[in-house]
Amino acid sequence: YKGIETVLNALDLLVHKKDKKNVRLTIVGKGENSDYPATLHKKAHDLSIDKYIEWIPGVEREQMRELYISHDILVFPSIWDEPFSITILEAMASGIPIIGTTAGGSKEILVDNVNSLVFQEDNPIQLADRIETMMDSTGLQQKIRDNALETVKNYTLDSMAKKIEKYIQQCIEKQNLN
């Protein structure tokens, strides 16, 4: 449901069809299902893309910013309606351009060609095209990075507290009118 197979298929297209031999993928996490990592490793091997992938079983929260800034792009390939994603906000705050789906809570944050590039869930062809577009345009990367840094300001603790406070005040005023 995280969409990792979509990324593997997109990597296959980038490496073997688009001849992007300089692309690298880092997959972080071990999955909830103990058989899942082995399935992904086998798929990567079968696609002959395993040499382009670094597998990291897990990262401590304190190390996440360092991991984000050591990469050029974050791919967020979720295929299920997962809740609001802190990962996206962390990546934006770290200045890394995002390519992702708008499944679930992501649609509240990601705006195509403004603060991210968006692709259809479970669509490796579109994802490969989006990755290629991002790789080939430093101007687009900078635009998305700048807009993402503005977006993340809407989700700071102070900003969210003000929004909640305003909502509560509106509820109180509405109650007083009744």
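A residue is called buried at under 20% relative accessible area, exposed at over 50% and partly exposed in between, with a 1.4 Å probe and only protein chains considered. By that definition Arg61, at 58% relative accessibility, counts as exposed. The model is predicted, so local features need pLDDT of at least 70 and side-chain atom pairs count only at pLDDT 80 or more, while totals for chains, interfaces and linings use all residues. Residues are numbered from 1 along each chain as its sequence is written, and side-chain values use heavy atoms, with hydrogens and water left out.

**Overall architecture**

- The protein has seven helices and five strands; helices (H or I, at least four residues) and strands (E, at least two) are DSSP runs, numbered from the N terminus.
- Read from the N terminus, the order of elements is α-β-α-β-α-β-α-β-β-α-α-α.
- Along the principal axes, the C-alpha atoms fill a box of roughly 65 × 40 × 30 Å.
- Of the 178 residues, 39% are buried.
- Contact denotes heavy atoms within 4.5 Å. Among contacts between residues at least 6 apart in sequence, 62% join residues at least 24 apart.

**Helix 5 (124–135)**

- Helix 5 has 12 residues and reaches 16 Å from its first C-alpha to its last, close to the 16 Å expected at 1.5 Å a residue; the expected span is 1.5 Å times one less than the number of residues.
- Its buried residues are Pro124, Leu127, Ala128, Arg130, Ile131 and Met134. They lie on the same side of helix 5, because they cover an arc of only 160° around the axis; the arc is that of the directions from the helix axis to the C-beta atoms.
- The cover over these buried residues includes helix 1, strand 3 (74–76), strand 4, strand 5 and helix 6.

**Helix 6 (138–152)**

- The 15 residues of helix 6 should span 21 Å at 1.5 Å a residue, and the end C-alpha atoms are 21 Å apart, which agrees.
- Leu140, Gln141, Ile144, Ala148, Thr151 and Val152 are the buried residues of helix 6. Their arc around the axis is only 100°, which puts them on the same side of helix 6.
- An α-helix has 3.6 residues a turn, so residues three or four places apart point the same way.
- Helix 4 (86–93), strand 4 (98–100), strand 5 (117–118) and helix 5 are included in what covers the buried residues of helix 6.

**Salt bridges**

- The structure holds nine salt bridges, a salt bridge being a side-chain nitrogen of Lys or Arg within 4 Å of a carboxyl oxygen of Asp or Glu.
- Asp136 forms a salt bridge with Lys20, and the closest N and O atoms are 3.0 Å apart. This pair links distant parts of the chain, 116 residues apart: Asp136 is in the loop between helix 5 and helix 6, and Lys20 is in the loop between helix 1 (4–17) and strand 1 (25–28).
- Asp136 counts as exposed because its relative accessibility is 52%, whereas Lys20 is buried, with a relative accessible area of 14%.
- Arg61 and Glu90 meet through their side chains in a salt bridge, at 2.4 Å from N to O. The two are 29 residues apart and link distant parts of the chain, with Arg61 in the loop between strand 2 (53–56) and helix 3 (64–69) and Glu90 in helix 4.
- A salt bridge of 2.9 Å, N to O, joins the side chains of Glu150 and Lys153. Glu150 is partly exposed at a relative accessible area of 47%, and Lys153 is partly exposed at 48%.
- Lys18, Asp129 and Glu132 are linked in a network of salt bridges.

**A buried loop residue**

- Ser106 is found in the loop between strand 4 and strand 5, and at 0% relative accessibility Ser106 counts as buried.
- Leaving aside neighbours within four places in sequence, Ser106 is in contact with Phe76, Ile88 and Thr101.

**Surface**

- The protein exposes about 10,800 Å², of which carbon and sulfur atoms supply 51%; accessible areas come from the Shrake-Rupley method with a 1.4 Å probe, and for residues only the protein chains shown count as cover.
- Met160, Ile164, Tyr167, Ile168 and Ile172 make a nonpolar surface patch of about 470 Å². Patches are made of residues with over 30% relative accessible area and no salt bridge, like charges being joined within 9 Å and nonpolar side chains (Val, Leu, Ile, Met, Phe, Trp, Tyr) within 5 Å.
- Ile172, one of the patch residues, lies in helix 7 (residues 157–177) and is partly exposed, with a relative accessible area of 41%.
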